[in-house]
Amino acid sequence: MAQTSLAASAYTQLKQALDNFHFVPGDRFSENEVSALLGMSRTPIREALVRLQREGYISVMPKLGWLVNSIDFNVFEQLYDVRSVLECAAIDLLGAAPDLAQRLAPLCTLWCVDPSQRLAACAEVSQMDEAFHMALVHASGNLEMARIHCDLTERIRVVRRLEFTRNYRIEAAYNEHALILQTLLQRDTAATKALLQKHIAVSRDEVKKITLHTLQAARQGRVAA
């Protein structure tokens, strides 16, 4: 297997372990330990760890190995607030766009569908959900706003990863996204922003609840073992 493929495989396996809280915040490990665990040399392991570091999952501690980052929900709540401000600003710009329907058409194709056509795979819907918000800001035409929003989305991803492990979040995403788009197409920006703010706030609260519950279960499982 090529080196790049090994690094990609190591990244996928490690990210899954982090998502499932096989490693919990505060855990430390070395490259040698991970290399033995995955049966790979240190080079692809190091590439995978650096990628996870960039994404905010872990931090390197010189001469001490790697540390699983703690989750500071105060910071993430602030990031969600900034996200809400940016997306509401995008709604204002979209509401004034003469080609609004054309700009929103790709999103409507994905989200304004019959329930029988909705996707059910959690990982796929999670990616679509993230892409929805990024595309909404990008459609506003303000590329600097879109760039900032993209950076913000990457910082939030580390906690958002568990939201769509609950099937009811899939149904809520479809229903709420469709309503946001339909209301915006009517050029009712005030109502659209209210829906969007509520949608983001609920998502934020659900992410925190699911993450805390999963983390507690993982720690209790360790004690029981």
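**Notes on cavities and pockets**

I began with the second largest cavity, whose lining has 5 nonpolar, no polar and 3 charged residues. I count Ala, Val, Leu, Ile, Met, Phe, Trp, Tyr, Cys and Pro as nonpolar, Asp, Glu, Lys and Arg as charged, and the others, Gly among them, as polar. The model is predicted, so local features need pLDDT of at least 70 and side-chain atom pairs pLDDT 80 or more, while totals for chains, interfaces and linings use all residues. Numbering runs from 1 along each chain as its sequence is written, and side-chain values use heavy atoms, without hydrogens or water.

My search used a 1 Å grid over the protein atoms alone: a cavity is a set of points where a 1.4 Å probe fits but cannot get out, a pocket is an open set with protein on both sides within 12 Å along at least five of seven lines, and lining residues have an atom within 4 Å of a point. Points join across faces, edges and corners, and a volume is the space filled by probe spheres set on them.

Back to that second largest cavity: I get about 50 Å³. F73, F76, E77, Y80, V159, R204, V207 and K208 line it.

Next, the largest cavity came out at about 70 Å³. Its lining includes R83, E87, D129 and H149, and by class I find 2 nonpolar, 3 polar and 5 charged residues.

Which residues lie closest to the centre of the largest pocket? This pocket holds about 540 Å³, and of its 19 lining residues the closest are K15, D19, A123, S126 and R161.
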